[in-house]
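Please open the model in your viewer and keep the selection panel at hand. We will go from stop to stop, with a note on what to select at each.

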Amino acid sequence: MTLADLSTTDRYPTRGSDSTLLDRTDPTVWSGVRTGPAARDELAAHDAKGFHVVEGLLSPAEVQAHWQELERLMRDERVRNDERTVVERSSNEVRSIFEVHKISDRIGALARDPRVLDRARQILGSDVYVHQSRINFMPGYRGTGFYWHSDFETWHAEDGMPAMRAVSISIALTDNYPFNGGLMIMPGAHRTFVSCAGETPEDNYKSSLKQQKVGVPSEDNITKLAYEHGIEQFTGQAGSALWFDSNCMHGSGNNITPYPRSNIFIVFNSVDNALVEPFAAKSPRPNHVASRDFTPMRR
């Protein structure tokens, strides 16, 4: 089978009549790039669990500088009124700002930082581009979480991402506690693709970025995966980073504490895994949500 065939063959069918479990047929750590900042044991952990944590990726001074940038973006009315900004359904507070590596020079430089870019290249075994970037805000008391899901299910169904050859980094700009809506993730569940039930509505992204209703697993399948793999949570000090595979099963709860939680989220996709037509949607999502500029990122 040629590379072109692999790009158009739907190996992970979803959005049908039921939610089923399928075996993954893609690697987690790809060969092709031998050197980079990731140690052998980190790559081994990433392969086994689907994720790994880098403590202290950003220094306290860098955290402060990026936090000030987040504050600036939140106060900018042009940014708030931009279509790339998503607000909370109930409070109207800013929830996410998409394509932030293009809006902010500082965050654009972070995406090109060797500590970030070169590790993404190591994991995916090739040159990479930014599929999606965003800032996530979870304010105290009113921050709402995300239900259990695999990012790849959406990227495959609605963006046309052929293979599980993408990796995300979530960089904490606030301390992550077990009680302020931290990310929960099922170690090892990335080896199973959960095909979800339900047809994709037109312009589904407009509502799903606030609350995802289509492309979520059934409770039975979440239960099976949770009992088989367990659940871990990403906690730690500001400046730490979680790298996780595109097919990791993850979610987060609401934040009813006084402690806000914010992070920078960047998705890298292999240039050899360029998007095609959506596999389970009538039209692709807009470029600021799923980029179709496959130009390799350079330092």
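**Starting on a helix**

Select Pro60 first: this residue sits in helix α3, residues 60–75 (helices are DSSP runs of H or I with at least four residues, strands are runs of E with at least two, and both are numbered from the N terminus). Before going on, note that this is a predicted model, in which local features need pLDDT of at least 70, side-chain atom pairs count only at pLDDT 80 or more, and totals for chains, interfaces and linings use all residues. Residues are numbered from 1 along each chain as its sequence is written, and side-chain values use heavy atoms, with hydrogens and water left out.

Pro60 has a relative accessible area of 71%, so this residue is exposed (exposed means over 50%, buried under 20%, partly exposed in between, with a 1.4 Å probe and protein chains only).

Next, colour the seven strands of an open antiparallel sheet, in the order β2-β11-β7-β13-β5-β4-β3 (strands pair if DSSP finds at least two bridges between them). Neighbouring strands are turned by 15 degrees against each other on average, direction ignored (axes are lines fitted to C-alpha atoms, for helices over the stretch in contact, and angles run from 0 to 180 degrees between N-to-C directions).

Show helix α2 (residues 40–49) as well: this helix lies across β2, β7 (166–172) and β11 (241–245), at about 140 degrees to β2.

Then zoom in on β5 and β13 (residues 261–270), an antiparallel pair joined by ten bridges. One to pick out is Met138, whose bridge partner in β13 is Arg261.

**Inside β5**

Where is Gln132 placed? Look in strand β5, residues 128–138. Gln132 is buried, because its relative accessibility is 4%. A polar atom of its side chain lies 2.8 Å from the backbone oxygen of Val289. Beyond neighbours within four places in sequence, contacts of Gln132 (heavy atoms within 4.5 Å) include Phe98, Trp155, Phe265 and Arg285.

How many disulfides does the structure hold? The count is zero (a disulfide is a pair of cysteine sulfur atoms within 2.5 Å). The closest cysteine sulfur to that of Cys196 is in Cys248, 15 Å away and therefore too far for a bond. Cys196 is buried at 2% relative accessible area, and Cys248 is buried at 0%.

Terms used:
A polar contact is a pair of N or O atoms within 3.5 Å; within protein, one must be able to donate a hydrogen and the other to accept it, and residues adjacent in sequence count only if both atoms are side-chain atoms.
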